[in-house]
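Open your viewer and get ready to select. We start at one residue and then zoom out.

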Amino acid sequence: MADLQVAPWTLVIPVKRTAIAKSRLAPAYPQHRPELARAFAVDTTAAALASPLVRAVLVVTDDPLVAADVTAAGALVVPDLPATGLNEALLHGATVAAAESPAHGVAALSADLPALRPAELTAVLAACTAPRSFVIDLPGTGTTLLAAAPGVPLDPRFGVGSALAHQASGAAPIELTGIESVRRDVDTAADLAHAVQLGVGPATADVMSLVLGAATGTEGLAC
């Protein structure tokens, strides 16, 4: 990686209000779903900030608790404008990021990567040498990271089938091995179980300890 000419990156992480986030976790974790969504965002942000190629993390959110947590971790926060969807939030964040640091590349990163490892993220960012690059999630249809070189529009196309949509838009897929933590986004209980196997960050681990306590009857009502 030392021989590569890499630009520093600003990462844009969109976070829904946790009251409505991660709805597919509700059947398995009805009591702890909001806390899990918040913890995912905190662990993702902290891991991103630990990468030497990341110069700043910009979190786009209207959730005050998430905003306080990620600010404490060292991220910047902007409101979710115009509050009309994920791609619009990313466009807003990318615009702010490019205005503040025009020499930096801008990368959109999923907020639900609780097992994210800084070294794997660094390897991915170092491999983002095309004008636009993206990482396909483990199921093979979605996108966990979309990167644009300095001065290149991000052009996010997240949603159902985003991997094909990003590739059709001209973005180059990152084909590295050993980056499971960058590809392991969490939408379901099975996803979370796999993330736990990979090793989740401290915020998620704390919530999972509450889940275990609830399941064993040491926290009162089961989750």
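Select Ala-94 and show what surrounds it. Leaving aside residues up to four places away in sequence, Ala-94 touches Val-12, Val-106 and Leu-154. Touching here means contact, with heavy atoms within 4.5 Å.

This is a predicted model: local features need pLDDT of at least 70, side-chain atom pairs count only at pLDDT 80 or more, and totals for chains, interfaces and linings use all residues. Residues are numbered from 1 along each chain as its sequence is written, and side-chain values use heavy atoms, with hydrogens and water left out.

Is Ala-94 buried or exposed? Ala-94 is buried, at a relative accessible area of 11%. (Buried means under 20% relative accessible area, exposed over 50%, partly exposed in between, with a 1.4 Å probe and protein chains only.)

Helices are DSSP runs of H or I with at least four residues; strands are runs of E with at least two, and both are numbered from the N terminus.

Zoom out to the whole chain. Count eight helices and seven strands. The C-alpha trace spans about 55 × 35 × 30 Å along its principal axes. Of the 223 residues, 48% count as buried.

Last, color by pLDDT, the predictor's confidence in each residue from 0 to 100. The mean is 93. Then select residues 219-223, where pLDDT stays under 50.
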